[in-house]
Amino acid sequence: MSRIAIGAVALLVAAAGLLALWPRPRAPIQAAVSVRAALADERAGFARAAAPRPFDFPADHGPHPDFRTEWWYYTGNLRAAGGRHVGFQLTFFRVALAPTEASRTSAWATRQLYFAHFAVTDTANGRFHAFSRTARGALGVAGAAAAPFRVWVEDWSAEGSGASPRLHAREGDVAIDLELSATKPAVLQGERGLSRKGPEPGNASYYYSFTRMPARGVVRLGAEALTVTGEAWMDREWSTSGLGADLQGWDWFALQLDDGRELMFYRLRRRDGTLDRFSAGTLVAPDGTARPLAEGDVTVETLAHWTSPRSGVRYPARWRLAVPSAELRLTLEPHVADQELRVNTRYWEGAVAVTGTAGAWSIKGHGYVELVGYGE
């Protein structure tokens, strides 16, 4: 994606048949849905992202129900007293089950299904907590709105302002309550916000990001209530699109550097092991100016691997990333090796520490990495 979560939403569609009929069970769903199977969905009748279009805020912070899939993606790195690190992910997905609403009078009638993923990385204790929820977009149980901004699944929510939301999620004794505020304008990814994922017309998403959002609030881990500050990243996409038949998955990197720059890059991996030419990214300057990056502008070298003891899947686990035109040479190290989510689907997404050089100067930072399609 973008966060290329373009697939991450659609991955969940395989469960929609049952979920469309029954309320969410209280026990979390533990299913490993195949990326390939979930993306083989019918797209006829839905709107497509075919050409650049003007973005309209605050309306575009809200839902786009004519498109098949949509997501609001929040990740961040936080610090508590003494420098204790905590990472978080709170993501909301909307999936349309049909291009038009059926003629039904039931209050439960809806063509919209919502998913949410919530995860916290407790670096000090080497623990990763991940949860999911699923609900129909009916009876106020789940939904999205632009003005005032709100997206929610039950009592997990992002609300208040699209550029400065408050995030809330709690599952058992793990919770976040965070206030975010954008210090840079929205970055329109790709071609004025049109992010192409392949050569087919419409195989693209509308995509924007808030790449540096100061965050403050409280993270609860068991009996501990940690007052935290830090920085978050928000990705926003809507699309009616699937991965091409020759694509296996993607690696997505979103990095915030201490010189005020941000770097996003996603690698689309082909089945034959090569990178797809539609891999792309953006380098954002301290003043918010964004420069697009093509597949050949960034090199990524895997330095180590980690094998999940639960799924048996082998993931990349440490990286060297270089942008020669910007004289950036970075090393990315996960804060915790095991940041694998096994919720509606299985993927690795986690907080990373960044060290390296920018020309002759040392540089540090932090970010998030998403790995999808491994082990399939």
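Modeller: Two strands pair if DSSP finds at least two bridges between them. Strands here are DSSP runs of at least two residues, labelled E and numbered from the N terminus. The model is predicted, so local features need pLDDT of at least 70, side-chain atom pairs count only at pLDDT 80 or more, and totals for chains, interfaces and linings use all residues. Residues are numbered from 1 along each chain as its sequence is written, and side-chain values use heavy atoms, without hydrogens and water.

Take strand E3, residues 112-122. It is mostly covered: 11 of its 11 residues are buried (under 20% relative accessible area, with a 1.4 Å probe and protein chains only).

Look at its two faces. Gln112, Tyr114, Ala116, Phe118, Val120 and Asp122 point one way. Leu113, Phe115, His117, Ala119 and Thr121 point the other way. Both sets are buried.

Now the neighbours. Strand E2, residues 85-96, runs antiparallel to E3. The two are joined by 11 bridges. Find Phe115 in E3: Phe93 stands opposite. Phe115 belongs to the face that also holds Leu113 and His117.

E3 has another partner, strand E4, which spans residues 127-136. This pairing is antiparallel too, over 10 bridges. Ala119 is buried, and points the way Phe115 does.

Last, the link. E3 and E4 form a hairpin, with four residues between them. Gly126 sits in that turn, with a positive phi of about 60°.

To recap, E3 is a buried strand, bridged to E2 and to E4.

Notes:
Buried means under 20% relative accessible area, exposed over 50%, partly exposed in between (1.4 Å probe, protein chains only).
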